[in-house]
Amino acid sequence: MKKNIILMGPPASGKGTVAKKLQSTFHLSHISTGDMFRDAKSAGTELGLLAATYMDRGDLVPDEVTIGVVKERFSKGDLGDGFLLDGFPRTIDQAEALKGFTDGTPLAVDAVINLDCDEEELVRRISGRRVCRNCGAPYHIETMKPKVEGVCDICGGELYQRADDNEEALRVRLSHYYESTQPLLEYYDKLGLLKNFESEVGADVLYEEIVKFLSE
Ligand code: ADP
Ligand code: ZN
């Protein structure tokens with residue numbers, strides 16, 4: 001079973017949805033840098049205020065800040081049976097840093113899952129996306145409705161629209177994705193870790209395909 005996993009793909013390609021499902025089934029820790037920054041923002045910490053100035057307009061938080069946050073999370077240890085990194089690494093420098101503190105340890109990356117999705121579909125998903133303020137679970141106002149409008153099925157938390165889930169910030173996020181993050185696919189392919197999936201097959205089929213791959 002592959003258990004130390006990186007999830008990659010453009011914004012709204014389905015990383016968070018897949019991570020939430022895998023997390024509960026396989027006792028893996030979901031480490032989402034986006035969620036960590038949003039939590040810090042709502043807690044009003046120094047880190048949160050700094051991150052928000054980048055995040056809200058769709059820009060990347062500087063590498064040294066992001067790497068520090070992830071390194072600290074890894075050093076805490078309590079990762080369950082493995083991890084699902086969601087939204088990290090997003091640059092080659094972040095990938096090199098991760099390699100530096102995990103290679104040769106039980107935390108070495110086993111697989112990189114890339115979720116492909118075309119741009120029109122990403123825009124549609126982002127404009128209707130709602131997220132739980134409490135647990136970060138993602139919903140969509142048309143295609144992934146909660147049982148009760150505005151309320152998280154999992155934890156009862158309030159659903160809200162992220163400050164960066166608008167078309168303008170999405171364009172910025174996509175440009176960073178193509179420029180800084182997409183080159184990582186080649187990086188991980190060379191390391192023999194990359195596996196591509198088509199995200200548009202639908203959440204349930206996609207999830208089954210991923211579980212099959214992780215079990216191989
Ligand atoms: P997305 O839906 O775009 O995948 P995330 O929740 O992963 O969103 O990230 C939201 C924002 O948090 C990013 O646009 C960026 O500002 C910041 N962020 C998250 N992860 C990273 C990272 N690895 N490096 C730099 N910035 C990050
Ligand atoms: Zn919730």
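**Entry 1**

I note at the outset that the model is predicted.

Cys155, at 33% relative accessibility, counts as partly exposed.

**Entry 2. The sheet that includes E5**

I followed E5 into its sheet, an open one of 3 strands in the order E6-E5-E7, with antiparallel pairing. E6 and E7 stand at the edges with a single partner strand each, so one side of each has no neighbour in the sheet. For the E5 and E6 pair I found 3 bridges in the antiparallel sense. Within E6, His140 is the residue that stands opposite Arg129.

**Entry 3. The parallel sheet**

I next looked up the other sheet, in which 5 strands are arranged in the order E2-E3-E1-E4-E8; this sheet is open and its pairing is parallel. Its edges are E2 and strand E8 (194–198), each of which has a single partner strand, so one side of each is left without a neighbour in the sheet. On average, neighbouring strands of this sheet are turned by 20° against each other, direction ignored.

I recorded two of the pairings. E2 pairs with strand E3 (residues 82–86) in the parallel sense over 5 bridges, and Leu28 stands opposite Gly82 in E3. Strand E1 (residues 4–8) runs parallel to E3 and is joined to it by 4 bridges; here Ile5 has Leu84 in E3 as its bridge partner.

I then asked how many residues of strand E2 (residues 28–32) are buried. The count is 5 of the 5, so the strand is largely enclosed by the rest of the structure. Both faces of E2 are covered, with Leu28, His30 and Ser32 buried on one side and Ser29 and Ile31 buried on the other.

**Entry 4. Helix H2**

I listed the buried residues of helix H2 (residues 33–43): Thr33, Gly34, Asp35, Phe37, Arg38 and Ala40. Among the elements that cover them I found helix H1 (15–26), helix H3 (46–55) and helix H4 (63–75), together with the strands E2, E3 and E7. After H2 comes Gly44, and I noted its positive phi, near 75°.

**Entry 5. H5 against H8**

Finally I examined helix H5 (residues 92–102) and helix H8 (residues 183–190), which pack at an angle of about 35° with their axes 10 Å apart. From H5, the residues Ile92, Ala95, Glu96, Leu98 and Lys99 meet Pro183, Leu184, Tyr187 and Tyr188 of H8. Sorted by class, this contact of H5 with H8 comprises 7 nonpolar and 2 charged residues, and no polar ones.

How values were computed: Residues are numbered from 1 along each chain as its sequence is written. Chains are lettered from A and ligands numbered from 1 in the order in which they are written. This is a predicted model: local features need pLDDT of at least 70, side-chain atom pairs count only at pLDDT 80 or more; totals for chains, interfaces and linings use all residues. Side-chain values use heavy atoms; hydrogens and water are left out. Axes are lines fitted to C-alpha atoms, for helices over the stretch in contact, and angles run from 0 to 180 degrees between N-to-C directions. Helices (H or I, at least four residues) and strands (E, at least two) are DSSP runs, numbered from the N terminus. Contact means heavy atoms within 4.5 Å. Ala, Val, Leu, Ile, Met, Phe, Trp, Tyr, Cys and Pro count as nonpolar, Asp, Glu, Lys and Arg as charged, and the others, Gly among them, as polar. Buried means under 20% relative accessible area, exposed over 50%, partly exposed in between (1.4 Å probe, protein chains only). Two strands pair if DSSP finds at least two bridges between them.
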